Amino acid sequence: MEEPVRLDDLINRVTASHPDGGALVHLSDAIAMSGMLDDVSDQLVGHFVNAAHNAGATWAEIGRTMGMTRQAAQKRFVTKPADVAALARAHDRWTPRAQAILVACQDEARAAGHNYVGTEHIVLALLSQPQGLAAKALAEKTTPERLRAAMSEVFGPRSDDLSGEFPYTPRGTRAIELSVREAQRLGHDYVGTEHILLGVLAEQHGVGAQVLRRLGVDQRGVEEWLAAQ
């Protein structure tokens, strides 16, 4: 496979971003770019891990293909609900409605016949708190019925095993992590439903964000609506 990204191109991009910057400025930009590349590479592999799993590949087969054990592959690419709950506890100012969303995600996944929680289920879970700012922001662009119909069009196949709690996909986990970051970026000392919505939108390649954008819901629009409240 031809190398898709050339080192010379990356170096030129860093230096062009701050042509008058010194060596430390360029180093800082290079570190930021490296982090972005790591995120993209993880998303690339995660996308095809999900595709392989949805196509029927076992975690043992996925692990062998990746040169790791089944347990290592699962640990890297799925996150247990308890681990997501621990993430919420680590930032102890999640509102009751935001905490309820984490519970509703499981309900939405089960209703869709899925044994995992993805960004699509997180979006639908936002509807479970109609008085939350996220649901009100969504209501500016769509209705619960339209949102559910649009999401159902992109749902993956149903699973025969819907027992127990369902792990989060890499993008689902990332959206929850970004919820905390979005709250901090806006200068809020709590995580509410609106930050979960922004976290889903920030995970741009997730199914949830893709469907929301088709319905006219984007990060900038949500932020402008929140600022007007």
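What pattern does the chain follow when read along the sequence? In this predicted model, the chain reads α-α-α-α-α-α-α-α-α-α-α-α-α along the sequence. The count is 13 helices and zero strands. The chain has 229 residues, and 38% of them count as buried. Its accessible surface comes to about 13000 Å², with 54% belonging to carbon and sulfur atoms. Contacts between residues at least 6 apart in sequence were also examined: 66% of these join residues at least 24 apart.

Two packed helices are described by the distance between their axes and by the angle between those axes. For helix α11 (residues 193-202) and helix α12 (residues 207-214), the axes come within 7 Å and cross at roughly 95°. Angles of 65 to 115 degrees count as roughly perpendicular, and α11 and α12 are therefore roughly perpendicular to each other. On the α11 side, the contact is made by Leu197, Val200 and Leu201, and on the α12 side by Gly208, Ala209 and Leu212. Sorted by class, the residues in this contact are five nonpolar and one polar, with no charged residues.

Thr193 also belongs to helix α11. Its relative accessibility is 4%, and because buried means under 20%, Thr193 counts as buried. The side chain of Thr193 reaches the backbone nitrogen of Ala134 at a distance of 3.1 Å. With neighbours within four places in sequence left aside, Thr193 is in contact with Thr95, Arg97, Ala98, Ile101, Leu126, Gly132, Leu133 and Ala134.

Thr119 has a relative accessibility of 2% and so counts as buried. The backbone nitrogen of Val207 is reached by the side chain of Thr119 at 3.2 Å. Apart from neighbours within four places in sequence, the residues in contact with Thr119 are Arg171, Gly172, Ala175, Val200, Glu203, Gly206, Val207 and Gly208. Val200 and Gly208, listed here as contacts of Thr119, are also among the residues that make the contact between α11 and α12.

How far apart in space are Ala125 and Cys105, C-alpha to C-alpha? The two residues are 20 apart in sequence, and the distance is 5.2 Å. Cys105 is one of the residues in contact with Ala125 once neighbours within four places in sequence are left aside; the others are Ile101, Ala104 and Glu108.

Leu102 is found in helix α6 (residues 96-111). At 13% relative accessibility, against the limit of 20% for buried residues, Leu102 counts as buried. Leu102 and Leu126 are 24 residues apart along the chain, and their C-alpha atoms are separated by 9.3 Å.

Note on methods
Residues numbered from 1 in each chain as written. Predicted model: local features only at pLDDT ≥ 70, side-chain atom pairs only at ≥ 80, totals over all residues. Heavy atoms only, no water. Helix = DSSP H or I, 4+ residues; strand = E, 2+ residues; numbered from the N terminus. Buried < 20%, exposed > 50% of the residue type's maximum accessible area, 1.4 Å probe, protein only. Polar contact = N/O pair within 3.5 Å; in protein donor to acceptor, adjacent residues only side chain to side chain. Contact = heavy atoms within 4.5 Å. Axes fitted to C-alpha atoms, helices over the stretch in contact; angles between N-to-C directions. Parallel < 35°, antiparallel > 145°, perpendicular 65-115°, else oblique. Nonpolar A, V, L, I, M, F, W, Y, C, P; charged D, E, K, R; others polar. Areas by Shrake-Rupley, 256 points an atom, 1.4 Å probe, with all protein chains shown as cover.
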